[in-house]
Amino acid sequence: MSQYWSGRFAREGMIWGKEPSPSAEWARGIFEDAGLNSVLVPGAGYGRNTKVFSGAFTTYGIELSTEALELAAEWDPATVFIAGSALERQLDVLVDAVYCYDVLHLFLEEERKKLIAASLAQLRTGGLLYFTSFSDEDCNNGCGRRLEPGTYEYKSGKYAHFFSEADLRSHFSGAEIIQTGSFPERLQSEQGGIHEYILRYIVARKVK
Ligand SMILES: C[S@@+](CC[C@H](N)C(=O)[O-])C[C@H]1O[C@@H](n2cnc3c(N)ncnc32)[C@H](O)[C@@H]1O
């Protein structure tokens, strides 16, 4: 996994351009309305979305790829980036919120559970989670070899889990679910290419 991403960041740089996902703006609004002060972004990439938070909150990003971290340090110097795996606890402080964009679907079931458990372990009780991931409504769902229920090798050497609403809710059943939904995401690469896909999101609160 880390080789795949490092290779892409080394070749393509800011793969998804400089504009953040609209979901990062929506999450920031929710976190601001709740009066929160700190945000953790697991799998932060080169900081495309951390920058939305770092102007308003103390922001931490966890990222495995050294190439992404080099880009992130330049693009978003206000965020504290930590080199390491988001599947394990990396912070020794608790944050008020976790925003995690399109990382959960990259893993098989056991690792998805680890990502959520590590995120909850770094979140204070009462804090908020905002996660996005591929939707089962996306056209790639069901394409290619099936590795696990809902998980497909939809491109050669690349797999993802495609979430139904019930599946996403069951992943977060240990938290209080506040809201779920889906939206079309439109990405423009630095080279001008456009890629569209359908994402689900979930907003939840840590209750214990
Ligand atoms: C689809 S990209 C999303 C990047 C970022 N969330 C964004 O919004 O631009 C997935 C990211 O997760 C990172 N990643 C993959 N596995 C990871 C892990 N175990 N721990 C931390 N980061 C990881 C990759 O290096 C890559 O930057």
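Asp96 counts as buried, at 11% relative accessibility, where buried means under 20% relative accessible area, exposed over 50% and partly exposed in between, using a 1.4 Å probe and protein chains only. Its side chain meets that of Arg124 in a salt bridge, at 2.8 Å from N to O; the term stands for a side-chain nitrogen of Lys or Arg within 4 Å of a carboxyl oxygen of Asp or Glu. This pair ties together distant parts of the chain, with Asp96 in strand S4 (residues 95–101) and Arg124 in strand S5 (residues 123–134), 28 residues apart. Arg124 is partly exposed, with a relative accessible area of 29%.

A word on the model itself. It is a predicted one, so local features need pLDDT of at least 70 and side-chain atom pairs count only at pLDDT 80 or more, while totals for chains, interfaces and linings use all residues. Residues are numbered from 1 along each chain as its sequence is written, and side-chain values use heavy atoms, with hydrogens and water left out. Helices (H or I, at least four residues) and strands (E, at least two) are DSSP runs, numbered from the N terminus.

Back to the charged pairs. Side chains of opposite charge can pair when their charged atoms come close. The structure holds eleven salt bridges. One of them joins the side chains of Glu176 and Arg205, at 3.1 Å from N to O. Here too, distant parts of the chain are linked: Glu176 sits in strand S9 (residues 176–188) and Arg205 in strand S10 (residues 194–205), 29 residues apart. Glu176 is partly exposed, with a relative accessible area of 36%, and Arg205 also counts as partly exposed, at 30% relative accessibility. Elsewhere, salt bridges that share partners gather Glu109, Glu110 and Lys113 into one network.

A further pair lies within a helix. The side chains of Glu12 and Arg8 meet in a salt bridge, at 2.9 Å from N to O. Because Glu12 and Arg8 are four residues apart in helix H1 (residues 2–12), about one helical turn separates them. Glu12 is partly exposed, with a relative accessible area of 26%, whereas Arg8 is buried, with a relative accessible area of 15%.

As for annotation, an unreviewed UniProt entry places the feature "domain: Methyltransferase type" at residues 42–131. UniProt positions follow the numbering used here, feature names are shortened, and annotations may be inferred rather than shown by experiment. In the model, the span of residues 42–131 is 31% helix and 30% strand, and its end C-alpha atoms lie 10 Å apart.
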